[in-house]
Amino acid sequence: MKMRAARMYGYKQPLRLEEVPVPEIGPEEVLVKVGGAGMCRTDFQLIDGYFDSGQSMNFPLTPGHEIAGWVYALGPQVPKAAGLSEGDQVVVFGGWGDGSCRQCQGGNEQICTRGHWVGFGGHGGYEEYVPVHYRYLIGVPADGELTPETLAPLTDAGLTPYRGLKKLRAAGVLGPGRTVAVTGIGGLGSYGAQYAKLLGGGATVVAFARSDEKLKVARDNGVDHAISVRDKTTDEVRTELETLTGRPELDAVIECAGSRESIQLAFALLATEGAVASVGLIGNRIDVPLFPFVAREFSYFGSFWGNYNDLTEVLALAQQGRVKHTVTRIRFDDINETIDALARGEIIGRAVIVYD
């Protein structure tokens, strides 16, 4: 049996749209028929060479780390206790660890240094069938809005800012009388805006973005205030922040852009003992003044993806109808054009490949 696959044969070149054999599965693996595959800016960065020193790449490979679909076939050693049957709707947890390191033993397989991420070698969601070890599948009832095209983005875009907000909550910088900012209302930030309200404990939520369309998404997703930062100085943003909230500073920032300028703005507006959680990866360097960082006792958290339990919590919120989705359906034939649009920052919310 053949399937369509958009495969990467090297850096800085378009993906090749091909027909290839459907992969065979191992005894403990499940063959997932992909119903929705989220297209992340990270996929563009993968193609552009951003991760060339972070993971070993064996070409050709198929990108796509946001995957939801249905169980198509099960290996003979998949235990009944896994609760999986043919036809079940599932999402794929994408951070696959080696199972033996301290991070894996603590449940954080996504930061295992010897592990593997789906879509960063071999198979990924940019193909119609993906082999997955049964341990990395979570069943989700097919009900209402819980379809593969809305579930797939939750495995990264909807997962990553959730973990970052949990770190800010644990740091004690959220709650009544506090102000939390969500910077960068793209794929991650559109969900981050919602989690800031859900986990903020009554904090005032402010969104920073660079386009009217993204500011509208933030407002639609429940933020209290939205500020355009395009072509504005830090002092201009500070003045607008004070006008809207009564305070010129921020207690917490979930930083979903990852550009040097966005991170600098976050720290420039941070209140004493404030905290920033970085989840975005547009840039590759951090440049913030050292003295205020130390003297005002700022905290800075790196927060990468999310673990299996984080994903189950996100899915529970979605099943309760507490998560909104901003999804653009993408045809397989339009994958390369959409990757270019991601590189330019033109996608609102999440682009999702839906196989017809």
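A: We can begin with charges and rings: a charge sits over a ring if NZ of Lys or CZ of Arg is within 6 Å of the ring centre and within 35 degrees of the ring normal. In this model, which is a predicted one, the charged end of Arg 4 sits over the ring of Phe 332, at 5.3 Å from the ring's centre.

Q: Which residue lies over the face of Tyr 9, and at what distance from the ring centre?
A: Arg 16 lies over the face of Tyr 9, and the distance to the ring centre is 3.9 Å.

Q: Why is the pair of Trp 117 and Phe 120 called edge-to-face?
A: Rings pair if their centres lie within 6.5 Å, and planes over 60 degrees apart count as edge-to-face. By this rule the count comes to 18 aromatic pairs. For Trp 117 and Phe 120 the centres are 5.1 Å apart and the planes stand at 90 degrees, so this pair is edge-to-face. Both Trp 117 and Phe 120 are buried, and they belong to one aromatic cluster together with Tyr 50, Phe 51, Phe 304 and Trp 305.

Q: What makes the pair of Phe 293 and Phe 298 edge-to-face, and how is Phe 293 classed by its accessibility?
A: The ring centres of Phe 293 and Phe 298 are 6.3 Å apart and the planes are at 90 degrees, so the pair is edge-to-face. Buried means under 20% relative accessible area, exposed means over 50%, and partly exposed is in between. Phe 293, at 25% relative accessibility, therefore counts as partly exposed, whereas Phe 298, at 9%, counts as buried.

Q: How do you know that the buried residues of H6 line one face of the helix?
A: The buried residues of helix H6, which spans residues 212–220, are Lys 214, Leu 215, Val 217 and Ala 218. Seen down the axis of H6, these buried residues fall within an arc of 155 degrees, and so they line one face of the helix. The face of H6 turned away from this buried side carries the exposed residues Asp 212 and Glu 213. The cover over the buried residues of H6 includes helix H5 (187–199), strand S11 (204–209) and strand S12 (225–228), and just after H6 comes Gly 222, with a positive phi of about 100 degrees.

Q: Which residues of helix H4 are buried, and what do they pack against?
A: In helix H4, residues 160–170, the buried residues are Thr 160, Pro 161, Tyr 162, Arg 163, Gly 164, Leu 165 and Leu 168. The elements they pack against include H5, strand S13 (250–255) and helix H10 (308–319). Just after H4, Gly 172 takes a positive phi of about 80 degrees.

Q: Why are H1 and H11 called roughly perpendicular?
A: Helix H1 (residues 41–48) and helix H11 (residues 335–343) pack at an angle of about 100 degrees, and their axes are 9 Å apart. Angles of 65 to 115 degrees count as roughly perpendicular, and H1 and H11 are therefore roughly perpendicular to each other. Where they meet, H1 contributes Arg 41, Phe 44 and Ile 47, and H11 contributes Ile 339, Leu 342 and Ala 343.

Q: Is Gly 121 buried or exposed, and where does it lie?
A: Gly 121 has a relative accessible area of 17% and is therefore buried. Gly 121 lies in the loop between strand S7 (116–117) and strand S8 (129–133). Gly 121 and Asn 58 are 63 residues apart in sequence, but their C-alpha atoms are 6.3 Å apart in space.

Q: What is the phi of Lys 12, and how do you know that Lys 12 is exposed?
A: Most residues other than glycine have a negative phi, and most peptide bonds are trans. Phi of Lys 12, however, is near 60 degrees, a positive value. Lys 12 lies in the loop between strand S1 (2–7) and strand S2 (16–21), and with a relative accessible area of 61% it is exposed. Asp 231, in the loop between S12 and helix H7 (234–245), also has a positive phi near 60 degrees, and Asp 231 is exposed, with a relative accessible area of 71%.

Q: What kind of peptide bond joins Phe 59 and Pro 60?
A: The bond joining Phe 59 and Pro 60 is a cis peptide bond, with omega at about 0 degrees, and Pro 60 lies in the loop between H1 and strand S4 (66–74).

Terms used. Residues numbered from 1 in each chain as written. Predicted model: local features only at pLDDT ≥ 70, side-chain atom pairs only at ≥ 80, totals over all residues. Heavy atoms only, no water. Phe/Tyr/Trp six-rings, centres within 6.5 Å; stacked < 30°, edge-to-face > 60°. Buried < 20%, exposed > 50% of the residue type's maximum accessible area, 1.4 Å probe, protein only. Helix = DSSP H or I, 4+ residues; strand = E, 2+ residues; numbered from the N terminus. Arc of directions from axis to C-beta. Contact = heavy atoms within 4.5 Å. Axes fitted to C-alpha atoms, helices over the stretch in contact; angles between N-to-C directions. Parallel < 35°, antiparallel > 145°, perpendicular 65-115°, else oblique.
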